[in-house]
Amino acid sequence: MKILVTGGTGYVGSHTTVLLIQEGYEVVILDNLCNSKVEVLDGIEKITGVRPEFYNLDLLNYEDVNKIFDKHVIEGVVHFANLKAVGESVRMPLLYYNNNITGTINLLQIMKKNNVKNIIFSSSATVYGINNTSPLVEAMPLCATNPYGTTKIIIENILQDLYASDDAWSVVSLRYFNPIGAHESAILGENPNGAPSNLLPYIALVATEKLDHLSVFGGDYDTADGTGVRDYVHIMDLARGHIKALEYVLANRGVEAINLGTGNGTSVLEVIAAFEKASGKKVEYKICPRREGDVATSFADVAKAKKILGWEATKDINDMCMDLWKFVTKADTAENYY
Ligand code: NAD
Ligand code: UFG
């Protein structure tokens, strides 16, 4: 069965592609490489023995994307291809609205035209905004605090309206919490283009002495140690969540939003301690002012994922830090990392 993976050379897309191939799906990847590297395909091939067919295309390019559907009989789409940097979205809202929303509308129009109505969409815990209290439950009211988050809410709404207009659609929006870590082989991991803004890639750069310290954003939150608490989820657990969601989407019709997290909160200082243990390195840090737009605590209620998908996370923060450390210190990654 052929699955189109948009954004398949990206961080979540590449790890999910590995599992899709290992589960026997045939994967076609579409990615414009604006935030990933074509060498990721070598990593996928090295792990699975299969090189997925790859199209270096922008979702904004309707005609060329449509040609993929002429060429392949696609049964379902896993749609990762969005821009994702919160700060950048504040500075460049039109870029984000155009890329994420226009790109998704193009994709959905092409899917509809070709009668492909099974889709998994990468949403985010950012849709819960700042006023809900953790554990965050799917039915809570949504609210965005930046253009990136707004694009996620708008796309979730578009998908709901699409199903309301035609009940042949089968849609799952997966709301990821904080994906971290790497494939256990250390062949694939997160290797962003440019300076990272997320906690774990930043810690890795401090531990490898490429940066001299981590700024901890806020030491006075209402949490056990005063630092921000998040629900970190291992990238391979997250990838497995997509396999479960795809099985669900292919077997059902409807529209669902489902959290993917562990259900546990970990503070920044706890992450630093876990990383120091995994790496044997000291992570220098300074407590700094809070980062604008951050919430104190965000972790998932995971009951729906368990009930509907039969999925739950299996790996803890120590596993996540160990796999990340293995990835960043592997010779060829270390050379090209950051
Ligand atoms: P990523 O940037 O590594 O992967 C996204 C991929 O999409 C990149 O390879 C990029 O080149 C591609 N892309 C972007 N716009 C495109 C376009 N118009 N046409 C073709 N390709 C395009 O990001 P990721 O971390 O793998 O995230 C995947 C998805 O999950 C995104 O939708 C993101 O918003 C969402 N998400 C990520 C996180 C996270 O922390 N990583 C958290 C919540 C949600
Ligand atoms: N943090 C620091 N220093 C840093 C970076 C982060 O102290 O240099 C702290 C943050 O304040 C926060 C925690 O580490 O408490 C995690 O921050 P990240 O930037 O790694 O992740 P966020 O929870 O802020 O955001 C992530 C994604 C968003 C997504 C959100 C919810 O970056 O795109 O999870 O899914 F919307």
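This is a predicted model: local features need pLDDT of at least 70, side-chain atom pairs count only at pLDDT 80 or more; totals for chains, interfaces and linings use all residues.
Biologist: Okay, and the cysteines themselves: is Cys34 buried, partly exposed or exposed?

Modeller: Cys34 counts as partly exposed, because its relative accessibility is 45% and that class runs between under 20% for buried and over 50% for exposed.

Biologist: And what is the relative accessibility of Cys143?

Modeller: Cys143 has 32% relative accessibility, so it counts as partly exposed.

Biologist: Switching to ligand 2 now. Which residues come nearest?

Modeller: There are 21 residues around ligand 2, and Asn198, Leu199, Ser215, Arg230 and Asp294 come nearest.

Biologist: You mentioned Asn198. How far is a polar side-chain atom of Asn198 from an oxygen atom of ligand 2?

Modeller: The distance is 2.7 Å for Asn198. The side chain of Asn178 also has an N or O atom 2.9 Å from an oxygen atom of ligand 2. With Tyr176, a polar backbone atom is 3.1 Å from an oxygen atom of the ligand.

Biologist: Nice. How much of the accessible area of ligand 2 does the protein cover?

Modeller: On its own, ligand 2 has 690 Å² of accessible area, and the protein covers 88% of that.

Biologist: Which strand gives the largest share of the shell around ligand 2?

Modeller: That's strand E8, residues 214-217, with 4 residues in the shell.

Biologist: And what is the shell like by class?

Modeller: Around ligand 2 you'll find 10 nonpolar, 7 polar and 4 charged residues.

Conventions: Residues are numbered from 1 along each chain as its sequence is written. Chains are lettered from A and ligands numbered from 1 in the order in which they are written. Side-chain values use heavy atoms; hydrogens and water are left out. Buried means under 20% relative accessible area, exposed over 50%, partly exposed in between (1.4 Å probe, protein chains only). A residue is near a molecule or strand if one of its heavy atoms lies within 4 Å of it. A polar contact is a pair of N or O atoms within 3.5 Å; within protein, one must be able to donate a hydrogen and the other to accept it, and residues adjacent in sequence count only if both atoms are side-chain atoms. Accessible areas come from the Shrake-Rupley method with a 1.4 Å probe; for residues, only the protein chains shown count as cover. Helices (H or I, at least four residues) and strands (E, at least two) are DSSP runs, numbered from the N terminus. Ala, Val, Leu, Ile, Met, Phe, Trp, Tyr, Cys and Pro count as nonpolar, Asp, Glu, Lys and Arg as charged, and the others, Gly among them, as polar.
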